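Please open the structure in your viewer and keep the selection panel at hand.

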Amino acid sequence: MAVDYFLHEKIWFEKYKYDDAERRYYEQMNGPVSSSSQQQENGASTILRDIARARENIQKSLAGSASTTSSGPAGDQNELLSRISHLEVENQNLRSVVADLQMAIFKLESRLNALEKSSTSHQPSPVPPTQKVEPFSVPSKKVELPSASPAKKTEPAAAEEDDDDIDLFGSDDEEEDQEAAKVREERLRQYAEKKAKKPGLIAKSSILLDVKPWDDETDMAKMEECVRSIHMDGLVWGASKLVPVGYGIKKLQIQCVVEDDKVGTDILEEEITKFEDYVQSVDIAAFNKI
């Protein structure tokens with residue numbers, strides 16, 4: 001209440017000027033005033049001036065405090081609003097990041113489930129008993145024992161027994177054993193022939209060669225023709241292209257597939273470098289097993 005009162009109070013700050021002007025007017029009208037009265041008037045005027053200055057300073061200080069008090073809460077409120085908006089933006093960003101992480105985890109879980117299902121479905125099936133070779137090899141060893149043992153047993157038996165005593169059942173068993181041995185041997189021979197005819201795995205390699213000419217005047221078509229004219233057992237030429245090297249020079253990049261047991265890289269490089277009129281050098285750009 002006191003602050004509002006001083007703010008709206010009207011003060012005559014320049015009253016001393018009018019007092020001085022009135023004093024000078026009356027001095028001119030009535031003549032000079034004595035020194036004592038003049039000193040009293042001067043003292044009163046200085047007091048009035050000090051009072052006026054004090055009032056002015058008080059009013060200025062009150063006006064400044066009122067402005068600060070009025071502007072302070074508004075500034076704090078604006079700062080709070082800016083902080084709240086900043087926190088909301090950060091919260092939205094964090095929510096988007098969490099959503100992305102949840103989606104990535106869901107995709108990984110689904111992929112793991114699919115991989116587990118595929119691994120369980122592609123397990124190797126057990127080998128059927130008909131594919132085993134053991135029944136053919138094991139009885140072949142056992143066939144020799146019955147064929148040899150009856151012979152050894154029949155020789156002392158024939159020497160001891162009379163001509164009238166003939167073992168008809170024993171001879172039948174021996175003939176059956178011999179026939180079974182022949183059947184087994186025939187099956188083993190057929191299996192060995194089939195196994196020999198079955199082609200084995202052939203190791204092959206894919207090679208990418210860089211064939212470099214002498215200069216930019218070399219006939220690249222003729223050089224490729226010379227390279228492709230090399231024929232070897234286990235060598236198959238593939239696609240080719242010209243790759244620029246620099247200063248107008250191009251190199252021939254050609255693909256080939258070779259059998260490792262039949263064709264070696266050293267032999268292939270020697271055969272290509274024999275065309276000295278066209279080929280400067282041969283490098284292996286890529287080498288992959290098939």
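This is a predicted model: local features need pLDDT of at least 70, side-chain atom pairs count only at pLDDT 80 or more; totals for chains, interfaces and linings use all residues.

**First stop: a charged patch.** Select Glu175, Glu176, Asp177 and Glu179; together these residues form a negative surface patch. One of them, Glu175, belongs to helix H5, which covers residues 168-197. Glu175 is partly exposed because its relative accessible area is 49%, and the range for that class runs between 20% and 50%.

**Next stop: a contact between side chains.** Select Ser206, which is located in strand E1 (residues 204-213). Is Ser206 buried or exposed? Its relative accessibility is 15%, so Ser206 counts as buried, the limit being under 20%.

**Next stop: a loop residue.** Move to Tyr247, in the loop that connects strand E2 (235-246) with strand E3 (249-259). Although Tyr247 is not a glycine, its phi is positive, at about 60 degrees. Tyr247 has 84% relative accessibility and therefore counts as exposed, a class that requires over 50%.

**Last stop: two residues separated in sequence.** How far apart are Leu48 and Tyr16 in space? From C-alpha to C-alpha the distance is 6.6 Å, while 32 residues separate Leu48 and Tyr16 in sequence. Leu48 counts as partly exposed because its relative accessibility is 37%.

How values were computed: Residues are numbered from 1 along each chain as its sequence is written. Side-chain values use heavy atoms; hydrogens and water are left out. Helices (H or I, at least four residues) and strands (E, at least two) are DSSP runs, numbered from the N terminus. Buried means under 20% relative accessible area, exposed over 50%, partly exposed in between (1.4 Å probe, protein chains only). Patches are made of residues with over 30% relative accessible area and no salt bridge: like charges are joined within 9 Å, nonpolar side chains (Val, Leu, Ile, Met, Phe, Trp, Tyr) within 5 Å. Accessible areas come from the Shrake-Rupley method with a 1.4 Å probe; for residues, only the protein chains shown count as cover. A salt bridge is a side-chain nitrogen of Lys or Arg within 4 Å of a carboxyl oxygen of Asp or Glu. Lys and Arg count as positive and Asp and Glu as negative; His and the chain ends are not counted. The place of a charge is taken as NZ of Lys, CZ of Arg, CG of Asp or CD of Glu.
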